[in-house]
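Here is a guided walk through one protein model, written to be read with the viewer open. Have a look at the sequence and the coordinates first, and then follow along section by section.

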Amino acid sequence: MRYLVLILLAWANMAGASSAPAYINTDIPQAAIVGTGSLRWFGLHIYEASLWAGSGHYAVNRPHALELVYSRDFSADTLADEGLKQMRKQGVDEARLVQWKPLMQSVLLDVKKGDTLTVVQREDASLGFFHNGRFINTIRDGDFNRHFLDIWLGEKTTVPALRRALIGRN
């Protein structure tokens, strides 16, 4: 009997650990992990990434959340510049990038080791941005939103192994 209680307690702890944060569940009922992965750059660990979706089933046009837990400190400017650089590598034209730079700067904050940045694609295709679970802003520009998430989830991503890990296609 003692072992059964221990097994049930361990199972309850594991189930709780895989539950989506409340701010994700607000927009994605029954959110569950689709996949996880790490980004490393020249051997340096940059962040852990998790993709959440309803019942753990990702579809590009359905609500989902991308959560990044940073392993290093970065300024908001560095994050925005890197995001724009990644969009440029995917073929977004310079005029669009200039137009989108203020949007990028409005949703990315300085991060410290252990901080979380999360972007939630909602049912209406808007993106909600969160820093350590605290709401930052919503963006309703469909083109920006698609290209922003494509940094990690698009077919032209510069990190295809991370994309495969996130969308569960490893």
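## Overall layout

Starting at the N terminus, the elements of the protein follow the order α-α-β-β-β-α-α-β-β-β-α-α. That gives six helices and six strands. Please keep in mind that this is a predicted model.

Of the 170 residues in the protein, 42% are buried. Among contacts with a separation of 6 or more, 53% are between residues 24 or more positions apart. The accessible surface of the protein is about 9,600 Å², and carbon and sulfur atoms hold 56% of that area.

## The sheet

The strands make an open sheet of six, in the order β1-β2-β3-β4-β5-β6, with antiparallel pairing. Its edge strands are β1 and β6 (134–139), each of which pairs on one side only. On average, and ignoring direction, neighbouring strands of this sheet are turned by 20 degrees against each other.

Strand β1 (residues 31–41) is joined to β2 by ten bridges, and the two run antiparallel; here G35 has L51 of β2 as its bridge partner. The hairpin of β1 and β2 has two residues between the strands, and F42 in this hairpin takes a positive phi near 50 degrees. Strand β2 (residues 44–54) is mostly covered, with eight of its eleven residues buried. On to strand β3 (residues 64–70): seven bridges join β3 to β2, again antiparallel, and W52 has A65 of β3 as its bridge partner.

## Strand β4 and its partners

β4 pairs with β3 over six bridges in the antiparallel sense, and L68 stands opposite L117 in β4. β4 also pairs with β5, antiparallel over five bridges, where the bridge partner of V120 is G128 in β5. Five residues lie between β4 and β5 in their hairpin, and A125 in the turn has a positive phi of about 75 degrees.

Is β4 covered on one face or on both? In total, six of the six residues of β4 are buried. Further along the sheet, α4 lies across β5 (127–131) and β6, running at about 160 degrees to β6.

## Nonpolar cores

The largest nonpolar core has 36 residues, of which Y47, M87, M104, F129, F148, W152 and L166 touch the most other members. Helix α5 supplies the largest share of this core, six residues. A second, separate core has nine residues, including I28, A31, V120 and F130.

Beyond its neighbours within four places in sequence, M87 is in contact with V92, L97, W100, M104, F144, H147, F148 and I151.

D115 is found in the loop between α4 (94–107) and β4 (116–121). Why does D115 count as buried? Its relative accessibility is 13%, and the cut-off for buried is under 20%. Leaving out residues up to four places away in sequence, D115 touches L68, V69, Y70, D110, H131 and N132. With N132, the side chain of D115 makes a side-chain to side-chain polar contact of 3.1 Å. D115 and L68 are 47 residues apart along the chain, yet their C-alpha atoms are separated by 8.2 Å.

T157 sits in the loop between α5 (142–153) and α6 (160–166). T157 counts as buried because its relative accessibility is 8%. Which residues does T157 touch, not counting those up to four places away in sequence? They are Q90, D150, I151, W152 and R163. With I151 there is also a polar pairing to inspect: a polar atom of the T157 side chain lies 2.6 Å from the backbone oxygen of I151.

Methods. Residues are numbered from 1 along each chain as its sequence is written. This is a predicted model: local features need pLDDT of at least 70, side-chain atom pairs count only at pLDDT 80 or more; totals for chains, interfaces and linings use all residues. Side-chain values use heavy atoms; hydrogens and water are left out. Buried means under 20% relative accessible area, exposed over 50%, partly exposed in between (1.4 Å probe, protein chains only). Helices (H or I, at least four residues) and strands (E, at least two) are DSSP runs, numbered from the N terminus. Two strands pair if DSSP finds at least two bridges between them. Contact means heavy atoms within 4.5 Å. Accessible areas come from the Shrake-Rupley method with a 1.4 Å probe; for residues, only the protein chains shown count as cover. A polar contact is a pair of N or O atoms within 3.5 Å; within protein, one must be able to donate a hydrogen and the other to accept it, and residues adjacent in sequence count only if both atoms are side-chain atoms. A nonpolar core is a set of buried Ala, Val, Leu, Ile, Met, Phe, Trp, Tyr and Cys residues joined through side-chain atoms within 4.5 Å. Axes are lines fitted to C-alpha atoms, for helices over the stretch in contact, and angles run from 0 to 180 degrees between N-to-C directions.
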